[in-house]
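Hi,

Here is the structure I promised to pass on.

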Amino acid sequence: MHFLVFDEIRVYPLFKETAMPVFFIAAGLLLVLGLIYLVMIFPAQLPPRQRAVFANRSYAHRGLFDNDAGRPENSLAAFEFAMQHGFGCELDVQFTKDRQLIVFHDNDLLRTCGVDKNVWELTYAELAACRLFQSEERVPLFREVLDCVAGREPLIVEIKAECLNTAWYYELCAATHAMLRDYSGPYCVESFHPLVVRWFYRHARDVVRGQLVNGMRHNTHLPRLAAFSAAQLLTNALNRPHFIAYNEQDRNWALRLVQKLGAMTVLWTVRTPERFETLRATEDALIFDHFVPDLFLRQNQTAKDS
């Protein structure tokens, strides 16, 4: 029987000679990949004065609404109520069939109006005949909302283009921008669709723009690679957003990193006073609904003082 015996004195230097280059190559590759990732997610930088307009504020989600009290979401009544309470507003803009800009969230009318039709299948005249949540309020035109707000508080304008073809959302971006150009109040734009944000990056760089983001668990409708890219903010390479509007349930290390790199963080949608109190210490702005933060904060301060 024969045994193969390794000479430890001769083998160890060989192992040392091969292992060290592999280690340095691996470390170098990781460093290069890290730098590439930083370059890809690096956000656009806002001047401090412009940043101050939007940061450290609370925004009423679709207006300060109560669907059971005749003040439904994305209605003129909800936006006016938010103005009276000193809140900025987040709202949703999309096209009707006849290319009218309206403020409406859903792709269809079933939940809000009880009508089983897609928004883009109806003209504005047909849409205006519907009532929101059985109230007296109708779907408003974007121009009507801008006239209602009248620059009193900042607006976050979400452009709804997830289910539309490229030509349609380019037209939607251009129409939204054209209307906002004539508006004297503070506003910014955002979208889940990276190419919508990219449109503003290419054609209207003076407009503050943000990338809306869901974590992977809330992006089940997307291919896994697309969901991963969105959650890790890799789409920043396409559109260089000024802020990231992230689902508050999905915050991750990528959001913290991009915040360190200078992006504003806007979290949505905060639905309890306790969560609001926790998040306002770490985030630049919060989008809320189902409660009124100023009432909660006054009650909380009174409790602390007593």
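Below is what turned up, going from the overall fold to single residues.

First, the ground rules. This is a predicted model, so local features need pLDDT of at least 70 and side-chain atom pairs count only at pLDDT 80 or more, while totals for chains, interfaces and linings use all residues. Residues are numbered from 1 along each chain as its sequence is written, and side-chain values use heavy atoms, with hydrogens and water left out.

**The chain overall**

You'll find 13 helices and 11 strands in the chain. Both are DSSP runs numbered from the N terminus: helices are H or I with at least four residues, strands are E with at least two. Of the 306 residues, 48% are buried. Buried here means under 20% relative accessible area, exposed means over 50%, and partly exposed is in between, using a 1.4 Å probe and protein chains only. As for contacts (heavy atoms within 4.5 Å), take those between residues at least 6 apart in sequence: 59% of them join residues at least 24 apart.

**Helix packing around α6**

Helix α6 (residues 142-149) packs against α3 (residues 76-84), with the axes coming within 9 Å and crossing at roughly 25°. Axes are lines fitted to C-alpha atoms, for helices over the stretch in contact, and angles run from 0 to 180 degrees between N-to-C directions. α3 and α6 are therefore roughly parallel to each other; the cut-offs are under 35 degrees for roughly parallel, over 145 for roughly antiparallel, 65 to 115 for roughly perpendicular, and oblique for the rest. The crossing of α3 and α6 is right-handed, that is, the near helix is turned clockwise from the far one by less than a right angle, with anticlockwise being left-handed. On the α3 side the contact uses Leu76, Phe79, Glu80 and Met83, which meet Glu144, Val145, Cys148 and Val149 of α6.

α6 also packs with α7, at an angle of about 30° and with the axes 11 Å apart. That makes this pair roughly parallel as well. Phe142, Arg143 and Leu146 of α6 make the contact with Thr176, Met179 and Leu180 of α7. The α6 and α7 crossing is right-handed.

**Helix α8 and what covers it**

In α8 (residues 194-203), Val196, Val197, Trp199, Phe200 and Tyr201 are buried. Their cover includes β6 (155-159), α7 (166-181), β7 (187-191), β8 (209-213) and α10. Have a look at Asn236 too, which lies in that α10 (residues 236-239). Asn236 is buried, with a relative accessible area of 0%. Leaving aside residues up to four places away in sequence, Asn236 touches Met40, Ile41, Pro241, Ile244 and Val258.

**Aromatics**

The structure holds 9 aromatic pairs. Rings of Phe, Tyr and Trp (its six-membered ring) pair if their centres lie within 6.5 Å; planes under 30 degrees apart count as stacked, over 60 as edge-to-face and the rest as tilted. One of the pairs is Trp199 with Phe200, which is edge-to-face at 5.0 Å centre to centre and 70° between the planes. For Phe288 and Phe291, the centres are 5.7 Å apart and the planes at 55°, so that pair is tilted. Phe288 and Phe291 are both buried, and together with Phe87 and Phe276 they form one aromatic cluster.

Two arginines sit over rings. The criterion is NZ of Lys or CZ of Arg within 6 Å of the ring centre and within 35 degrees of the ring normal. Arg71 is over the face of Phe81, 3.9 Å from the ring centre, and Arg205 is over the face of Tyr201, at 4.1 Å.

**Backbone spots to check**

Where is the cis peptide bond? It joins Trp268 and Thr269, with omega about -20°, and Thr269 is found in strand β10 (residues 264-270).

Asn74 has a positive phi, near 55°, without being a glycine. Asn74 is in the loop between β1 (57-61) and α3, and at 2% relative accessibility it counts as buried. His290 is another non-glycine with positive phi, about 75°. His290 lies in the loop between β11 (285-288) and α13 (293-305), and at 63% relative accessibility it counts as exposed.

Cheers
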